[in-house]
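Q: Can we walk through this protein together? I'd like to start with what sits inside.

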Amino acid sequence: MGNLDQRVNEEILWELFLQAGPVIHVHLPRDKVTNEHQNYGFVEFKSEEDADYSIKLLHMIKLFNKAIKVNKASQDKRTQEIGANVFVGNLATGVDEK
């Protein structure tokens, strides 16, 4: 979703989008310096049908007097953001990051 007012937080969005179906996760990317969200976010639903319904139900409703935009996130972008951590153990003491 986009066009979010700065007063919007994860809890408000959770309650709002719960009207469309079971919510798994809400994420508002935040600026690393100011810690303010960047006026957009993501809601993950249990099913794709619930996500589709949220668009029909909540697109362009007013939240803090601003019409929010609700669209599906593209799967390609999501796939690119997925990362992984790898644990490497049993290294000799002379081994460094390089």
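**The nonpolar core**

A: Leu 4, Leu 13, Phe 17 and Ile 68 touch the most other members of the largest nonpolar core, which has 16 residues. A nonpolar core is a set of buried Ala, Val, Leu, Ile, Met, Phe, Trp, Tyr and Cys residues joined through side-chain atoms within 4.5 Å. Buried means under 20% relative accessible area, exposed over 50%, and partly exposed in between, with a 1.4 Å probe and protein chains only.

Q: Which element gives the largest share of this core?
A: H1 does, with 3 residues. H1, E1 and H2 each supply at least two residues. Helices (H or I, at least four residues) and strands (E, at least two) are DSSP runs, numbered from the N terminus.

Q: Is this an experimental model or a predicted one?
A: The model is predicted: local features need pLDDT of at least 70, side-chain atom pairs count only at pLDDT 80 or more, and totals for chains, interfaces and linings use all residues. Residues are numbered from 1 along each chain as its sequence is written, and side-chain values use heavy atoms, leaving out hydrogens and water.

Q: What does Ile 68 touch?
A: Leaving out residues up to four places away in sequence, its contacts include Leu 4, Leu 16, Phe 17, Leu 58 and Ile 61. Contact means heavy atoms within 4.5 Å.

Q: Back to H1. Which of its residues are buried?
A: Leu 13, Leu 16 and Phe 17 are buried in H1, which spans residues 10-17. They lie on the same side of H1, because they cover an arc of only 85° around the axis. That arc is taken from the directions from the helix axis to the C-beta atoms.

Q: Why would residues a few places apart point the same way?
A: An α-helix has 3.6 residues a turn, so residues three or four places apart point the same way.

Q: What is on the face turned away from the buried side of H1?
A: The exposed residues Glu 11 and Glu 15.

Q: And what covers the buried residues of H1?
A: The cover includes strand E1 (23-27), strand E2 (42-45), helix H2 (48-58) and strand E3 (62-63).

Q: What caps the N-terminal end of H1?
A: Asn 9 does. One of its side-chain oxygens lies 3.1 Å from the backbone nitrogen of Glu 11.

Q: New topic. How many aromatic pairs are there in the whole structure?
A: A search finds 2. Rings of Phe, Tyr and Trp (its six-membered ring) pair if their centres lie within 6.5 Å; planes under 30 degrees apart count as stacked, over 60 as edge-to-face and the rest as tilted. Phe 17 and Phe 45 form a tilted pair, because their planes are at 55°, with ring centres 6.2 Å apart. This pair links distant parts of the chain: Phe 17 is in helix H1 and Phe 45 in strand E2, 28 residues apart.

Q: Is Phe 45 buried or exposed?
A: Phe 45 is buried, at 9% relative accessibility. Phe 17 is buried too, at 2%.

Q: What about the rings of Tyr 40 and Phe 42?
A: Their planes are at 90° and their centres 5.9 Å apart, so the pair is edge-to-face. Tyr 40 is partly exposed at 33%, and Phe 42 is partly exposed at 36%.

Q: Last one: how many helices and strands are in the chain?
A: The protein chain has 3 helices and 4 strands. Along the sequence, the pattern is α-β-β-α-β-β-α. Buried residues make up 26% of its 98 residues.

Definitions and conventions. A polar contact is a pair of N or O atoms within 3.5 Å; within protein, one must be able to donate a hydrogen and the other to accept it, and residues adjacent in sequence count only if both atoms are side-chain atoms.
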